[in-house]
Amino acid sequence: MHLHLIDYAIMLIYVGFVVGIGFALSRYMRTGADFFLSGRSIPSWVCGLAFLSANLGALELVGMAASGAKYGIATCHFYWLGAIPAMIFLAVFMMPFYYGSKARSVPEYLKMRFDERTRAFNSCTFAVMTVFASGISLNLLAQLLESLLGWNYLASLLVCSAVVLVYVLKGGLTSAMYTEVLQFFMIVLGFAPVVWLGLKDIGGWSAMKDALRGVALDPQKVGVNTHAFAPDAWTSAWKPVIAGPAANPMGVDVFAMVFGLGFVLSFGYWCTNFLVVQRAMAAKDMASARRTPIIAALPKMLFPALVILPGMIAVGLAFTGKGGYELPKVQIADGDFPAAVQAVKNVSTPYASFGHTEVLSGQAAELAAKSPSVIQLPQKLDPDKIEALLKDESASPLPDDQIKARLQDAVTDVDYNGIILSLLKKYCPPGLMGLALTALLASFMSGMAGNVTAFNTVWTYDLYQAYIAPNKSDAHYVFMGKMVTVVGIVLSIGCAYVAREFPNAMDIVQLVFGFVNAPLFATFLLGMFWARATSHGAFFGLVGGTLTSALFHLFTMATGNTPGWIKGAALGTMWTFPSDMARNFWLASFAFTTCFLLTAFISLATRRTKSDEELKGLVYSLTDKVDDPHQTWYSSPPLLGAVLLVFCLLLNLYFW
Amino acid sequence: MGLDLRLPIGMIFSLIGALLVIYGLATNGDPIYQASLGLNINLIWGGVLFVFGAIMLAFALSAARKKK
């Protein structure tokens, strides 16, 4: 498809504004504190929306729609279980230490609380993770632009990252956060009409639920699963999970869901990931810093309607077949075509030797049954369509282009990441299309800028200033921060090519979080709430936890995967899980538990290196409670947090 | 920070909103709206964006006036 002038105009206006914000802010960028920390001067509503938006990358939009189609409403657990409680915990219990300690980054807090080793370890793993995360989202965006608009993959990568580069270089963290807020509104206002049209088209909420009941009973029809489930598997959040891994399309048991996702991964992500915590640390005062995650929690709770619902609508529409809609199918790679086309020709040769058509149809059925394996493609193919193709080819040889087109048409594997774009294509006339694509661009840019600003701060303060070049001038560090922003973006482009090789980006991200964040939350939990935790305990506990992730990854796998370095079980299969997701949740649970136990035992066995006096402001029991006399009772974080938790609980019960 | 964020947000959405409204008026009744279930979605949603942008601008301008 091609875009109209109006679509390009909207995209250009958007790019003009984000770059313009960068330039407008550049005159406020005088010191390192301005560039890396926004001079701790940002109002709380901006921090809150930036906090939310930095996490709302293209990965979230595309991945959540994909999961919505694949797993239905249970995907909301990534929000209601996997985000809200942790965000409120961060606001009420952890923010006072992050903000009050005057640490400039999460690794720096670790240095204050424990020692340099833990900081160095965390800085390195975090730096790797941010680059990976931004590479994955960059890849997604470029792939979408390539498949929808036919834009060149590399050119899309370069143009999009160049825009991010310009505004981050110009305005530092402030510019990243300000544009994130703009992007937040752009994403919401750009996708809302598409969701609205989709819901209207399928006939409203209850019609969609009816269609999803059909999907649960016969998921093979649309290719989203291989066996039937109970009718409510796509429309209930908890019932299918409680019924066990075989009863829900996620293949997850309730323990892995609650402990693995709801506790370890969720708290590990929201409470220790500098990418999001950095947004709250830039707030103008303690009260604003604590309000940041709370302000973010309310829209976060409602986001499933924007990001998960489209996936559910898509799978429902495909099931009913209304308007001829089909879920997008995986594209056959250009490199795979020549061999497959040749295979079609080879297989169909024997057909030609059969004299009459009656014999042919009998033989063809037999050959076609085998043909998907004879035609060596990684995708699953529809045997009926292959049979027809072979018959036609044997009747009279077809041109290569036609064979290619019909092979592609026979693919049955769903391209989950393409779902969101298939809806844009279906519902957007020119104009709205420009707006929706701009929303997609915005989500990608906010995610990338978030990663890049966290990366440059950690690199500059926690690695460069700490170990490579201490005692340089402030201007020198700002210069370094800018240089490393460029480096970070170049590395992300490299990672995008790595990510291109793997189909479900969300699974990879969860895996990386399991490696990095899951054990880290144990370190923070013990560090912030147990004065007895020692630096030896923290360091060896964290290393042990991360090694546990690695071992777990090397020796376990998920059903249906081929063992390998990325999919797991490279060194042997000791344990097989029903799905990738279940495996990730369990990996996180093991890594967390190992780190927790190791840290606790080693701490008890070693002597404390920091006195109570040194730990003041860093550990809960040794710090005076935050008491802000200017704060009105209704803006107190614990109260607001409690209200939000109740609201979140009600949502869970409603969609039980 | 010296920049009131409501200003650029108000500007961009009222600008894009206005653009969509004009485009929607110019293409009213066009077959392109079969995609959006027969609704002139550009006109409708452009209006929504314009109102949102205008509200943001109003907040930003009144804050700036108070400051003076």
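Mentor: The buried residues of H13(A) are Phe274(A), Leu275(A), Val276(A), Val277(A), Gln278(A), Arg279(A), Ala280(A) and Met281(A), where a residue is called buried if 20 or more other C-beta atoms lie within 10 Å of its own, exposed if 12 or fewer, and partly exposed in between, with C-beta atoms placed from the backbone. Helix H13, residues 274–281 of chain A, is thus mostly covered, with 8 of its 8 residues buried; helices (H or I, at least four residues) and strands (E, at least two) are DSSP runs, numbered from the N terminus. This is a predicted model, in which local features need pLDDT of at least 70 and side-chain atom pairs count only at pLDDT 80 or more, while totals for chains, interfaces and linings use all residues. Residues are numbered from 1 along each chain as its sequence is written, and chains are lettered from A and ligands numbered from 1 in the order in which they are written.

Turning to chain A as a whole, its secondary structure comes to 27 helices and 2 strands, and buried residues make up 56% of its 656 residues. Of the contacts in chain A with a separation of 6 or more, 81% are between residues 24 or more positions apart, a contact being a pair of residues whose C-beta atoms, placed from the backbone, lie within 7 Å. The domain assignment gives domain 1 (5–323 + 419–654) and domain 2 (334–413) of chain A, with bounds that come from an automatic or database assignment, and 44 Å separate the centres of these two domains, taken over C-alpha atoms.

Leaving aside residues up to four places away in sequence, Pro519(A) touches Leu542(A), Gly545(A), Thr546(A), Ser549(A), Ala591(A), Phe592(A) and Cys595(A), whereas the C-alpha atoms of Pro519(A) and Gln408(A), 111 residues apart along the chain, are separated by 43 Å.

There is also the partner chain to consider: 23 residues of chain B are in contact with 31 residues of chain A. On the side of chain B that touches chain A, the elements that give two or more residues are helix H1 (6–26) and helix H2 (41–67) of chain B, and the largest share, 9 residues, comes from H1(B).

Terms used
Two residues are in contact if their C-beta atoms, placed from the backbone, lie within 7 Å.
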